[in-house]
Amino acid sequence: MTFTSLLFALFVGITCLIYYAMPAKKYQWTVLLAAGYFFYVYNSYKYTIFILFTTLTIYLAARAICTVTENTSQKVRAMKAEWTREEKKAYKKQAEKKKKGILAAALLANFGILFILKYLNFLAGGLMQLFGRGTGDVRIISLLLPLGISFYTFQATGYLIDVYRETCKAEKNLFKFALFVSFFPQIVQGPISEYEKLGPQLTAEHHLKWDNFKLGMQLILWGLFKKLVIADRIFNAINTVTGDYKSYPGEMILFAALMYSLQLYADFSGGIDVARGVAQLLDIRIELNFRQPYFSKSINEYWRRWHITLGAWMKKYVFYTLAVSDLFLSISKRIGKSRFGSTAAGKHISKTLPTALASLIVFILIGIWHGANSRYIGFGLWNGLVIMFSTLMMPVYGWTLKKLHINAESFLWKLFQMARTFVIVLIGYYFDIAPDMKGAIDMMVRSVIDCHMLTLGQVRSLHMGLTDVAVIMYGAAVMLYFSIRLEQTGLETPGDLLERRHGLIQWIVVLAGILSVITLGIYGSGTEGVNFVYMGF
Amino acid sequence: MNKHAKRIISIITLFAVTALFIWFMQITVTNRDDNDLRSIKSFYMEDRDSLDVVILGSSEVMSGYSAAEAYKEAGYTSFPYAFTINSVPLWKYELKDIERTQHPQILFVETNGALYEDDDYVYAKNCINALGESMPMSLNRVRCAFNLSEHPMERLIPFIKYHYKWKDILKLRENSNLMLMKEGYARLRGVNSFLYKKKYSTAMDFPPDDTTADLNPKAEAEFAEFLEVCKDSDIEKIVFVEFPHVMGSKDLYERQQRANHAAEMIREAGFDYIDLTNEGEAIGLDFENDFYDEHHLLATGEKKVSHYIADIVMNRYGIQPKEQTGENKAGWEDSAELISRFYDEYDRYTAEHADDPYAKAEYLLAENVETMKRIGQK
């Protein structure tokens, strides 16, 4: 039951009907819980045990941490008069140790499962290859990945860390917490939500509102347009080249990479739009995950606009932890105290090195999060190194701009920055489409040294007729138009843009959208549709 | 007008325009130069309760019985509810639709569809699709789609499957769906004549006998179920019939053994069974020259079998043809005249090309609607 199936539409329709018809609004959330588990069991029934395990362990760990926190403050309050400051400190330290132990155990158990299911084969294969005992293709366990495991594990562990940090209270009701983990619109491919933002919404009372219905449906339509009209139409052409890239000249590989940049964005953001649209039908707002990422003027900015919630998770739970860790701060101090540290460059490096190093590690982790393959490590390493380098070299950029008399606010310079950022992103995509890291580098080299003018005949040899080319151009033009308008207005969705127009224009645009999707979309057994790319993560 | 009314109107019009668009596009994209689809769709274009006889069957019936010729010969109206590999699991749904739309005095059921050996034929996807996509919408069609098809929604709304052919909108003038709708009925009444002979063994080397062989187990179960459905049918007379075949190979002989087994089941259930292969002489069939291949008749054989069935209908079962009036009668007269011209043309053509027995008389192929129209205008 994928987001693009009729069955999913029926499922959403029935869920909405029961949800709003529920007489006892206090228990409305139970409809979402039942729907979430129905959706999960229907799609991944063999692996339901894993989501149950995560729900139960994180719930219990959060409750235990909360209990320790409450007991500690109660005890300290009660013993305020009797205990010395040192005794209070010692007691608190002991409690902190206990909480850390619980947190570590829960994180270890959940990331352990993720590691075993996702990375064990890869690691074992890598080790075997390292010691010359095989090709690297080892299957210690042969399980498919449970649906959405990377997403719900991150979401649930984020909540646990928040409880540990006392920025959020532990949920008392197991079933309400189970709903937070299994909320069906976002279980497949995110976004990764924070409990503080999503949890209270899920269990609040909701009433059907026209604006939610209209904007939710429009967002779903927009998501389906991107996925069915654009992304799925390009998929086969990309696969043809990447499946046997050595048989194709550089220009075809470059073309495939460019098409992949369009396909991946249309696919992933399309899926997220459907998820957000369905949530909005239920009067629930979930996080924005994309904000016109290809308009970014630096790679840092790109990662604040692309897969926003994963970046935010990494920043909140990994980046800050690393950047202010004793190890990183001591490195920074050492540089600062050295002779080099007294120079202008040394001062800058000693100040920015902890964040630069933390960024590198975060991006390696983001790469690994995507999957167990050297190409994903390459992807993370590439992005991390570019960000690290740009952070450390920041003063040099400023100096160069000044020397060359470049107006940083001019349109042309901004355009150049966008193009430069896109090239950096595109290089990263080579790691995505290649079979492995070596293949990615080989593809990049071919794209440069064996690149000629691309002909229409070459494009057509990739099972792309003139109609396909025309439809993709139409889809891309529509997407570009809305992206520019959203960028200019700061609004979130095409629906928000339409709201400002006359009712008749809204009606015509929505009708054009529906007709485009049902006519030009790739669906049904007569065409080859594909699953959402991020479903595999 | 308040905002609620405006909203409701805008949603309803949005749905209506989308539904209209899908309906129109469905006619466009499901257009195929396909005899099976056209044959099924043509059946439903007949006036309600206007047919005296219906023959349910597979390609043997399409190429072996001309309803227009039978009308010309005996004055009753009939139609072949037939298409390629119309296998037994589909029959109960077809029977329901025949009951729902026509109430014929006699229903002939041609048994070929119960005799397939392979599961792939018994549950042939293409044929399930052809039926599912061509029946008018009804609960029966929904049941058929959900019970037999892997993609039931595509059977109910074929646009889902064929939407990628949207460019066909540029070929509206050649759209046979629209042509049929414009005509109002199929002038050749569902017949699909074969006009040239394929190479096959014309000798009756394996003459039929009374020995039997088991049916495919799934086909047998479906057939037994169908016989039970027939017992409860509103149609007064249901007769099972086996269309003629050339017994030129062992495969055909074994097929005939399965037909004998089916015949036993039919008689046990209390229905009549007629094997036209055994009655070849009475029909006047020339097994060397009246067949397209071992299974299908040529136009000459089709004419003879049509006359023979007309004789059975009128004389053995003594039906009283319903009185046809107005446009419907004029339509049948038109069909009778057309089929006469068609057979004359065929005779003239084959006589002219006697030295080239395998010549493909493509300009005459009845499956081509353009040709049908051209012959009609002569």
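Which residue of β3(B) does B:V53 stand opposite? In this predicted model, in which local features need pLDDT of at least 70, side-chain atom pairs count only at pLDDT 80 or more, and totals for chains, interfaces and linings use all residues, B:V53 stands opposite B:I106 in β3(B). Residues are numbered from 1 along each chain as its sequence is written, while chains are lettered from A and ligands numbered from 1 in the order in which they are written. Helices (H or I, at least four residues) and strands (E, at least two) are DSSP runs, numbered from the N terminus.

**Strand β1 of chain B**

- Strand β1 (residues 53–57) of chain B is mostly covered, as five of its five residues are buried, where buried describes a residue with 20 or more other C-beta atoms, placed from the backbone, within 10 Å of its own.
- From β1(B), B:V53, B:I55 and B:G57 point one way, and B:V54 and B:L56 point the other way.
- Strands pair if DSSP finds at least two bridges between them; β1(B) runs parallel to strand β2 (residues 78–82) of chain B and is joined to it by five bridges, with B:V54 opposite B:F79 in β2(B).
- Four bridges join β1(B) to strand β3 (residues 106–110) of chain B, and these two strands also run parallel.

**Residue B:R258**

- B:R258 is found in helix α13 (residues 250–268) of chain B, and it counts as buried because it has 21 C-beta neighbours inside 10 Å.
- Leaving aside residues up to four places away in sequence, B:R258 touches B:L115, B:A213 and B:L215, where contact requires that the C-beta atoms, placed from the backbone, lie within 7 Å.
- Although B:R258 and B:N112 are 146 residues apart in sequence, they are 9.7 Å apart in space, C-alpha to C-alpha.

**Helices α2 and α6 of chain A**

- Helix α2 (residues 28–44) of chain A packs against helix α6 (residues 174–182) of chain A at an angle of about 50 degrees, with their axes 9 Å apart; the axes are lines fitted to C-alpha atoms, for helices over the stretch in contact, and angles run from 0 to 180 degrees between N-to-C directions.
- The contact residues include A:W29 and A:L32 of α2(A), and A:F175 and A:K176 of α6(A).

**Where the chains meet**

- In the contact between the chains, 14 residues of chain A meet 18 residues of chain B.
- Helix α22 (residues 503–520) of chain A supplies seven residues, the largest share of the side of chain A that touches chain B.

Note on methods
Contact = placed C-beta atoms within 7 Å. Buried ≥ 20, exposed ≤ 12 C-beta atoms within 10 Å, placed from the backbone.
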